[in-house]
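Visitor: I'm new to protein models and would like a tour. Could you take me through this one, a question at a time?

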Amino acid sequence: MKKISAFITALSAGAALTGCTFGASIDTLMSPPKLSQEQEDIYTALTDAHGTAISLKYPKAGKYLSAFIIEDIDGDGGNEALVFYERNNHAADENPLRINVLDKKADGKWWSVCDEAAAGSEIEEVMISKLGSNDRVNLIIGTSLINRSEKNVNIYVYSDGMLKEPDKFSDSDSYSFMDVRDLDMDGELELLRLTKASNGEPAMAEAYKLDGEGTYHRSPLELSDNFSDFDISYGRLPTGKLGIYIDAVSGTGTIQSDVLYYVSEDGENKLKKVFGTPEEAAKTERAAGCNCFDVDGDGSLEIPIQELAPGYEESDEGAQLLLTHWMQINGDYRLERRYTSYYSINDGYIFIFPEKWKGRVTVKRDTVNDEIVFCAYNNGEMGRELLHIFCADDQPSRDDRLSGGYMLMHTKGGSAYLAMIPSNPDVADDGLSITSADAAIGFRYRD
């Protein structure tokens, strides 16, 4: 609540000083990005060719976030300019979203070479890459409708002054996630596409390899549930293959993980699952926001599985606290526990339990001091306090805790994460005490 209150206070103060009203949209509060001289020259060439009644369109995500992309898109060694814009004056049956390619003349001036209609009304993401063993440069452009609920991907090739769509890579253009990655670690890139479950069709993953003749080789794989949204990360599997970790939202609003890998088998490239059945994948179900993470930084991801912390079995749901077990995939593609931790999703930190705490320590929330406390737990009772962790949102709170003997563990923006190990000189040694070094080793912050 203190974070929300501080945000509202700052926002109100800013509105009072600037005269902004809460009814104003973000577009009215922000000025357009200032163009560089080269972008100004490109924009002038564009308006000379197509008039000034246009609005630039900016990709929503990805590497390229400008309406102007300056790259060698035909592989001739010189850069072309790719510009996304919308016609303000257009026919009722005409899609206003356009893709324009500009090139440089011998005198160094830009000129519009070709202008094509784009699918959709918004530019979602742009990728420019070679694929597979083919030398051509592919323009992979994701677009969406106004509400952004439906996204489509199209692949273009620019050659001989024309923007062309080669043979379709798929019967369907829809996607929920896409990426270009060396999935089989053979030195060549593949296109990965995920589509959500819709209209009775299952959620799918597909990998596409492009051969030297320009033919796409598709590897489809049905995912383990009717997923509607995805968060993707990559990590090394124990077999040395690249794991595609899909944290997917299920119909119940929770998330679970599918883990895929891409291999050559029987002369074909195939996507395969680590979890052989939907029931195995369902064992990874947990609260939304608790995504896979490389906890120890070894290049392999762990999957978080949550359970009630000891002592909360009879507590009301709102008062319960959870522990998080970080599960790794072993050489037999089975899940096994790697670490146990307390994971504060809201504050973004993880504290990994020392092995000696396993089954002997629980956590509680100190509402008075707004911190998490780690306690010994024995025979159904919480015992002595072993560690306190506090997140300070302002400098006075930070300074107050530091003066009280807390250690600074991490800073992020205006937030500071502090820890304190209570002194218990009169308590018999139970083997659970930790040092400042132990606390520092166990603390992780997740960006």
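Guide: Let's start with a cavity. The lining of the largest cavity has five nonpolar residues, one polar residue and four charged ones. Keep in mind that this is a predicted model.

Visitor: Which strand gives the most to the lining of the largest cavity?

Guide: The lining includes Val153, Asn154 and Ile155, along with others such as Phe169 and Tyr216. With three residues, the top contributor is S8.

Visitor: Where else does that strand turn up, and which strands each supply at least two residues of the lining of the second largest pocket?

Guide: This pocket has a volume of about 520 Å³. It has 23 lining residues, and Ser174, Tyr175, Ser176, Thr195 and Lys196 lie nearest its centre. The strands that each supply at least two lining residues are S8 (151-159), S11 (190-195) and S12 (204-210).

Visitor: How many residues of that pocket's lining are charged?

Guide: Let's sort the lining of the second largest pocket by type. Three of its residues are nonpolar and ten are polar. The charged ones number ten.

Visitor: Is Asn100 buried or exposed?

Guide: Asn100 sits in strand S4, which covers residues 97-104. Leaving out residues up to four places away in sequence, Asn100 touches Leu46, His50 and Tyr85, among others. The cut-off for buried is under 20% relative accessible area. Asn100 has 0% relative accessibility, so it counts as buried.

Visitor: Which side chain is joined to Asn100 by a polar contact?

Guide: Among the residues that Asn100 touches are Ser112, Cys114 and Asp115. A polar contact of 2.7 Å links the side chain of Asn100 to that of Asp115.

Visitor: At the start of helix H5, which residue has a side-chain oxygen within 2.7 Å of the backbone nitrogen of Ser397?

Guide: Helix H5 runs over residues 395-403. At the other end, H5 is followed by Gly405, with a positive phi near 100 degrees. Back at the start, the side-chain oxygen that reaches Ser397 belongs to Asp394.

Notes:
Residues are numbered from 1 along each chain as its sequence is written. This is a predicted model: local features need pLDDT of at least 70, side-chain atom pairs count only at pLDDT 80 or more; totals for chains, interfaces and linings use all residues. Side-chain values use heavy atoms; hydrogens and water are left out. On a 1 Å grid over the protein atoms alone, a cavity is a set of points where a 1.4 Å probe fits but cannot get out, and a pocket is an open set with protein on both sides within 12 Å along at least five of seven lines; lining residues have an atom within 4 Å of a point. Grid points are joined across faces, edges and corners, and a volume is the space filled by probe spheres set on the points. Helices (H or I, at least four residues) and strands (E, at least two) are DSSP runs, numbered from the N terminus. Ala, Val, Leu, Ile, Met, Phe, Trp, Tyr, Cys and Pro count as nonpolar, Asp, Glu, Lys and Arg as charged, and the others, Gly among them, as polar. Buried means under 20% relative accessible area, exposed over 50%, partly exposed in between (1.4 Å probe, protein chains only). A polar contact is a pair of N or O atoms within 3.5 Å; within protein, one must be able to donate a hydrogen and the other to accept it, and residues adjacent in sequence count only if both atoms are side-chain atoms. Contact means heavy atoms within 4.5 Å.
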